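Notebook open, structure loaded. I want to jot down what I look up as I go.

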Amino acid sequence: MSDFYQNGIITTLHQLGKPSLERLESELLGFSKARPIALVLPSLYSEFEGPAMPGIVQELAKVKYLNEIVLVLDKASEKEFHKVREFMSPISTEIKIIHNDGKRVSEIYQTFARNGFNVGERGKGRSVWLAYGYVLARGRSDVIALHDCDIVTYSRELLARLCYPVVNQNLDYVFCKGYYSRISSKMNGRVTRLLVTPLVRSLQQLIGPHDFLAFLDSFRYPLSGEFCMTTDLARVNRIPWDWGLEVGSLAEVHRNYSPRRVCQVDIAANYDHKHQVLSADDASKGLMKMTVDICKSIFRTLASEGVVFSDGLFKSLLVSYLRQAEDTIMKYEADAAINGLQFDRHEEAMAVEAFTKAIAIATRVFMENPMTTPLIPNWNRVTSAIPGIFEMLQKAVDEDNK
Amino acid sequence: MENFINLILEPLKELFLKFKVFVPNLLAMLVILFIGILLALIIKRVLMRFLAAINFDSWSDRMGFTKIMRKGDMWNKPSSTLGLIVFWLLIVLTLMSGLNALQIPAIDQLVSQFFSYIPRFFSAAMILIVGYLFSGFISRAVLITAANSGFHYAKLLAEAVHTLLIVLILAMIMEQLQIAPSIVLAAFSIIFGGIVIALAIAFGVGGIDAARRIIEKEAMTKREDETKDEIEHI
């Protein structure tokens, strides 16, 4: 059982006691009549061959309150697309699969390109953005929930708790992010623990009180890939297509809505998914690439809100971050000790060194070109430039699913 | 015996003479076909490059032509589709010219009928393009006006206007192409007349009370205006 402390400027919804899943789901079924829910699942074909997806399908088959499921399938041939359709068949909710490599959806991407829209490279950001577009095109759902497809510890309680704050009209939240601890025999989630939180606190130390930094610091797991929001928000939000997706999305939520309408919810006692390698020597892949993208996204957001970055500030930031991260390692060491978890202090220190290097790369890239962080335009702008895009997207997906 | 041989040879001779006359025509047809196909391929390629240079695909996306193609489950680029249409039109023209070179009376008649039909075909295509753009413009104008006036069903009204205009354009096209003109005219008159009568009845019956209220209100305002000025002016 967690504590019930409210920290930061957003609301935190804790898991207190053992709330009944049946009660939660029955309430959701009632609320979803007024606010239908679409579940978006960004996935790769390889995830259907892994251990997580069978469990997710088995759990989703028991969920009754969803209005539709939109699965965006990447890196799949035509044959694999049909296999996935077969794989998803035990679920009774209406499922639409967006086949990213299919002829029709590829043509949709070409339509964006020839009309001057840079929707980025293949990845979760682009897939999620297209799924939002499809949900908006159908106009059958008012709420969009999203989670990854590599969650090994998936249970339908995760989905129910994620949806509840937004679907319940009495609570009036427009955005809800999931949080959880990530432990196996040791502590995981290095990027959040050792990069984002120390970096945000260092920036606060250097820049002083700042709304966005306070907002970001309020999230217990700002990089979690599980969130739920209203379709209005999905329409106006611009999202990055690179690893800055999570932080960039939070920046857009902060820009468009008051923090009073944003919450985070404890969705799982423990969470495990695919782990990224650190790749400390190569900044173009693994956690290093992720780190560079996240830092660029944070810098760009702050710059867009009037923060002036200079060489001196960045130099101080590196030193300040290192100190913050080292202090954080000590805190987590104590936390691991009391909970009987393994804690490799050297490995954690190596990660911090790699992250420091990545921050230095990100600062250099940012100083050379502050506009580098790619943001996919929001759907309002796309429909304004290509008025028939929703009909075309809907037709492409529906034809693929016939 | 000689007569019998003549009887066999005469038709063969005649066939040979006819063949001698026909061979140059056949060769002419083959040459026309070859040059025509080659020209069609070149024109298609040049046209597609030109369309790419003027951003035709992007223009089609904005104008809604791409949407129409996708509705018909056609997923090529609009420029490729237009290139392909022009290519096959040129192939048909080439084929007709080639057949004409054969100088066979029955085919000649068919070819002249085909060529006399071409202007109708082009004017039908023009009606389709201009009509589609016009209907889109009108529908958008209706949507904006109705939405700005606070009309609750603005989108529905705009879509209804769009659909009616499309029906009108299709009827005009069918009439232009001379495809069952009398049936098209009758069907169009019945549908349009029916809609107008339905609307007249709906407004007439449904709006009796509203009309009465408006008239009574008008009359009351008039009476009030007449009785208001009680001061005697000097």
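This is a predicted model: local features need pLDDT of at least 70, side-chain atom pairs count only at pLDDT 80 or more; totals for chains, interfaces and linings use all residues.

I began with chain B, where the domain assignment, which is automatic or from a database, gives domain 1 (1–103) and domain 2 (117–224). I looked up the gap between their C-alpha centres and got 41 Å.

Residues are numbered from 1 along each chain as its sequence is written, and chains are lettered from A and ligands numbered from 1 in the order in which they are written.

Next I turned to chain A. I found 16 helices and 10 strands there, taken as DSSP runs (H or I, at least four residues, for helices; E, at least two, for strands) numbered from the N terminus. Its C-alpha atoms fill a box of roughly 55 × 50 × 40 Å along the principal axes. I also noted that 45% of the 402 residues of chain A count as buried, meaning 20 or more other C-beta atoms, placed from the backbone, within 10 Å of the residue's own.

Then I went for the largest nonpolar core, which has 121 residues; such a core is a set of buried Ala, Val, Leu, Ile, Met, Phe, Trp, Tyr and Cys residues joined through C-beta atoms within 7 Å. Helix α6 (residues 124–138) of chain A gives the most to this core, with nine residues. I144(A) and C163(A) have the most contacts inside the core.

How values were computed. A residue is buried if 20 or more other C-beta atoms lie within 10 Å of its own, exposed if 12 or fewer, and partly exposed in between; C-beta atoms are placed from the backbone.
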